[in-house]
Each structure stands twice: as C-alpha cells, then as structure tokens.
Amino acid sequence: MPDVRTAARPQATGTDGGPSASDLLDFARRTAADAALVASLPLDPEGRTWIRLNGPGGSEAWLISWPPGTGTGWHDHGGSRGAFAAASGELTEQSLAVQLPTEGWKTLELADGVDQHRKLSDGRGRAFGPHHVHEVLNTSQDTHAVSVHAYYPPLPLMRRYSRNGSLLRLEEVERPEEWT
C-alpha cells in the first residue's frame with residue numbers, strides 16, 4: 001500500500017517559505033484524482049482510516065476515508081494553513097466566517113451570520129488560512145467518502161471545540177503524537 005505522495009511540479013511559496021494555501025489545494029485536487037491511490041485506502045465501515053502522505057514543500061498530507069455518518073467535530077489546525085478536496089463521495093463542511101482568537105478563552109459567543117455551509121464532491125475542494133475553524137461530515141447514510149487534506153506548516157496541534165447554538169467552547173488540545 002502506498003504511504004507517500006509528493007508534488008509533481010515546483011510550488012509557489014507562502015510568506016514563510018512554505019507552500020501557499022492555493023498550492024496545497026492544487027496538490028489536494030491532483031492527489032484526489034489519483035484513482036489508484038484512492039483505491040488503495042482500506043475502508044472500514046465503523047471508523048475513519050487514513051494514509052499519511054508527503055505534501056508539497058514540507059507540508060503534511062492525509063488521504064482519509066469517511067464511513068457514512070462520520071465527521072470530525074468542530075476543530076482548528078493549530079495555526080497551519082491548509083486545503084482539502086473530495087476524491088469520492090460527498091463531504092459537507094460547516095465553518096465559521098470569523099477569525100477567532102487562538103489563546104486566552106474557553107467559551108465564545110458567536111455572532112449571527114458567521115456560519116458557512118458547503119458540499120464538496122468530485123474533486124472539488126477548498127483552501128483556508130491559519131485561523132480556520134470547521135467541521136467536516138459525511139452525511140450519507142450508505143456511501144463512503146474519501147478526501148485528501150494538506151497542511152503547512154505540519155500540524156503542531158489541533159484544538160477541538162463543542163458547539164451549542166451560538167456558544168463555542170474549547171474542549172481539548174490534541175498533539176501530533178496522539179494521531180499515530
């Protein structure tokens with residue numbers, strides 16, 4: 001089973017020397033179109049599975065399966081910019097159109113109108129900046145989804161949130177060593 005994937009062409013750089021969010025999205029879309037790689041991902045009906053990939057310019061990337069009815073819960077990417085693209089099936093992303101402070105709070109009341117909702121399938125994807133908070137879901141009752149995700153710098157942490165109406169609460173901080 002393949003465990004690495006690299007970019008096939010030179011990448012532009014972000015202001016920190018790494019790939020830009022647009023470069024990450026381009027990588028995610030190209031990788032999502034690799035039918036052999038997508039087919040190599042084992043699908044588990046009970047939980048998500050993944051293969052870690054080498055993204056462009058030192059980024060980290062993941063090929064992830066989503067069984068019907070699964071999702072991430074609300075989270076951020078610890079200050080990394082990123083992108084993801086659907087390889088098969090359909091994913092729903094719910095996100096917040098507001099930059100949240102990254103430190104010094106446990107509960108925030110969100111203003112009206114900050115919720116965004118999009119569906120991604122067939123190679124469609126999206127890029128995001130370092131303050132992006134979202135959840136990704138496979139709302140299908142019977143179809144697996146597969147997607148490609150890329151982040152730069154490689155994820156230093158992820159903050160997990162719970163949401164109750166307009167209240168967003170920081171619940172935990174995960175570190176990379178917990179994802180192996």
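The following legends describe close-up views of a predicted model. Local features require pLDDT of at least 70 and side-chain atom pairs pLDDT 80 or more, whereas totals for chains, interfaces and linings use all residues. Residues are numbered from 1 along each chain as its sequence is written, and side-chain values use heavy atoms, without hydrogens and water.

**View 1. The open sheet contains 5 strands in the order β1-β2-β10-β4-β8, paired antiparallel.** Strands are DSSP runs of E of at least two residues and helices runs of H or I of at least four, numbered from the N terminus; two strands pair if DSSP finds at least two bridges between them. At the edges lie β1 (50-54) and β8 (125-128), each of which pairs on one side only. On average, neighbouring strands are turned by 15 degrees against each other, direction ignored.

**View 2. Strand β4 (residues 81-88) is joined to antiparallel β8 by 4 bridges.** Ala 83 stands opposite Ala 127 in β8. Helix α1 (residues 21-32) packs on the sheet and touches β1, β2, β4, β8 and β10; contact means heavy atoms within 4.5 Å. The direction of α1 makes about 20 degrees with that of β4, where axes are lines fitted to C-alpha atoms, for helices over the stretch in contact, and angles run from 0 to 180 degrees between N-to-C directions.

**View 3. The largest pocket holds about 330 Å³ of space.** Of its 17 lining residues, the closest to the centre are Arg 48, Ile 64, Met 158, Arg 160 and Trp 179. A pocket is an open set of points on a 1 Å grid over the protein atoms alone where a 1.4 Å probe fits, with protein on both sides within 12 Å along at least five of seven lines; lining residues have an atom within 4 Å of a point. The volume is the space filled by probe spheres set on the points, which are joined across faces, edges and corners. Strand β2 supplies the largest share of the lining, 3 residues.
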